[in-house]
Amino acid sequence: MTDQSAPLPRDEFFDDAEPLTLGQRISSKAVAPWLFLSPMLAFGVIFFILPILFAAYISLTKWNSLTSPRFIGLKNYEYLLTVDPKFWDTFWNTIYFAAGTLTIGIPLALVLAYAFTRAYGQAFWRSIYWLPMITNVVAVAYIWKFLLDDSFGLVNMALGKLGLPGPGWLTDPNFAMLSVILVFVWMQLGHNMLLFSAGLANIDESYYEAARLDGAGETQLFLRITVPLLKPTILFVLITNFITGLSYFTLMLVLTEGGPVGSTNVTALYMYKMAFEDLRMGRASAVAYILFAFILVVTLIQLRIFRRGGVEAH
Amino acid sequence: MTTTSHRRTALVAALLASSALAAPAQAADKTITIATHYNQEQMAPLLACFDQYEAENPGTEIVFQQASYRDFLQTIMTARVGGTSPDIYNIYSIWAPQLADAGTLAEPPADIAEFVNANYGEGTVGAATINGTLYGIPTELSVYQLFYNKKILAEAGYDAPPATWDELAEIAAKVTKKNDQGNITVAGYTYGPSVANAVHVFYSQMFAAGVAPYSDDFRKTNFLDPEAIRIVERQGKLFADGSTSNSVTTDDFAANGAAMAIMANWQKSSMMDAFGDEFENTVGIAPIPHDGGDPGTMLYSFFWAVDSASKHPEESWALLEWLNSQRDGGLSCTGQMLNDLGALTGNLGDLEAMETDDSFTKPFVDAIESGAAKSQPNIWQASENDRILRSYIEKVWAGQMSAEDALSAADAEVTAILAEQDY
């Protein structure tokens, strides 16, 4: 005879437990998080991972999107890197554009953001500088086309009043890319200023007070306190601007169409025309992967350099 | 009301709603979709014809889709990938080789081919023909000729347009005006930023010189022909002389900012808008300047084509024949639309019915009827090849390459692409 009141062994206890309902299973800690994440995961898989994998496959094929892709191995990459007379030209144009926008745009945004932290009406100035960001790029391009017209543009007319020559800002191959860079810097200035302003707001005022007590001037404050403490923001702005610069082509498409003489034909624009005008989807995908690889390498180098400089947060 | 009855009511409502949405589709047995780059306003005469056709053919519904010229090929491509391609397209002839090679275009039945051969000029039929196979019914034609500003030339003492390129260069140099900064305010001659602004002009000049830009089988270029090199050299000289520059474009012609340009007849309506009552007194049209021999130029064409995946190919071709047949001896529906646009057509009956005797239009029509206007070659990867050619011609304009070197480089690249069609 067994003792009915004695506790059941552990296994028998769970065997007799009432099975979980569907609702309980869904709301369990094992399932619920995945359920909530599933829309985002599905979105990511459908719109990011699958296209990336598909593009990788397509880059190994010859495909005009009207017929079935034909596998050709690495020939698209081989053609682009060793045969194509235009690819490297567009690549150097891309580097020129990206480097130019960083060289001119970031110091300018930093100095202006720093100046505006010490000015009245910060919000007003931020709004003014932000306006180009919310203006349609086609409108921006048309406005600048009028301004930079060789014979009748306001810029050259102003230079003429001063007795200076009026270059072909968008029509001379030696000036066209510089003009595109300046217009892009103008468009991006407000965005970068906003990021720097956020970074500047996080720097404790006591550092400046202490430095001033020690006799530091404004230049020293900026170079010895502001710039070092802004390194995480600078890194962020540098990386995001460089990536944008390497993959950007909208302004060139509407402002110069890559001309004159291909001087503003960047790799992304070359890729766009290759894909949607020439229907060379395979080769265009290979361009995208080469560009991606380059951006990845440059970004990793930037991260490494800044980590050595003490930016551990990134 | 119980939850069950709520669900039943919702289900019935949903079924009713879905059947109501499906009703129009069921009313039309056959829906034919037509895609063109013309907008709703430009299509007005054709849309009226669609209504008439629907009334005369109960059970047939015609749906119009517009896609911009720039995005048209991409739209076709995307629609086919998605399985929603239109039944009928109005396509630019140079897109046809790729589309035909991909099996996108249906071949017309024998009676339609007969209709086209009987009612359209030979050069026009050639524009809709790929490797000897006809793929559609020609529509809008664009022909290149020399536009000149009569008033600007007269001010400089010239009462007639240039007949040769040397004369053109001389007049261009004389009428060019510059500001204090040395920038052109009135150009003697102008090109433009588009591929066509350079390449179509080059092809037109080649035809005028009696040399086709490509071999008959479209496998080789004639870019290294001495005439071709001379043409590009002379273009470069206009830039070197300061008679033109990249800063002036064909658009400046309508603003009295350029004295001469080689352009197509579709500019007529914008010129009329720009010059108003002074149109006739200002805009002159002349053959492409050349060094003797018969005149020549280039025309390009659009044509109606039927998608090979169309569920209603017979009905689509029947509709197209109806749209392109003369009505009571007058203009066809397509002809009416083109006439309203100030455009030309390859349909001989429509051309006869159009009023083409004005001083602007006549030189273009003469070029079509005399056979002086040759069809733009329907080469493989035409857009890509034209862009490559433009890039090298630009280098000559900029003084970065000699005409011979530039055309040699263009020939090498283009010939390599033309060879792709054989493997």
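## Chain B at a glance

Helices here are DSSP runs of H or I with at least four residues, and strands are runs of E with at least two, each numbered from the N terminus. Counted that way, chain B of this predicted model has 18 helices and 13 strands. Along the principal axes, its C-alpha atoms fill a box of roughly 90 × 55 × 50 Å.

Let's look at how chain B is packed. Of its 423 residues, 53% count as buried. The chain exposes about 17700 Å², with carbon and sulfur atoms supplying 50% of that area. Take the contacts in chain B between residues at least 6 apart in sequence: 73% of them join residues at least 24 apart.

## One cavity

Searching the whole structure for cavities of 30 Å³ or more turns up one. The largest cavity has a volume of about 90 Å³.

Which residues line the largest cavity? From chain A come A:Glu277, A:Asp278 and A:Leu279. Chain B brings B:Leu73, B:Ile94, B:Trp95, B:Gln98, B:Gln381, B:Ala382, B:Ser383 and B:Glu384. Sorted by class, this lining has five nonpolar, three polar and three charged residues.

## Where the cavity sits

Helix H17 of chain B, residues 382-397, provides the largest share of the lining of the largest cavity, with three residues.

Why does the largest cavity lie between domain 1 and domain 2 of chain B? Domain 1 (8-141 + 300-375) and domain 2 (143-298 + 377-422) both give residues to its lining, so the cavity lies between them.

How values were computed: Residues are numbered from 1 along each chain as its sequence is written. Chains are lettered from A and ligands numbered from 1 in the order in which they are written. This is a predicted model: local features need pLDDT of at least 70, side-chain atom pairs count only at pLDDT 80 or more; totals for chains, interfaces and linings use all residues. Side-chain values use heavy atoms; hydrogens and water are left out. On a 1 Å grid over the protein atoms alone, a cavity is a set of points where a 1.4 Å probe fits but cannot get out, and a pocket is an open set with protein on both sides within 12 Å along at least five of seven lines; lining residues have an atom within 4 Å of a point. Grid points are joined across faces, edges and corners, and a volume is the space filled by probe spheres set on the points. Ala, Val, Leu, Ile, Met, Phe, Trp, Tyr, Cys and Pro count as nonpolar, Asp, Glu, Lys and Arg as charged, and the others, Gly among them, as polar. Domain bounds come from an automatic or database domain assignment. Buried means under 20% relative accessible area, exposed over 50%, partly exposed in between (1.4 Å probe, protein chains only). Contact means heavy atoms within 4.5 Å. Accessible areas come from the Shrake-Rupley method with a 1.4 Å probe; for residues, only the protein chains shown count as cover.
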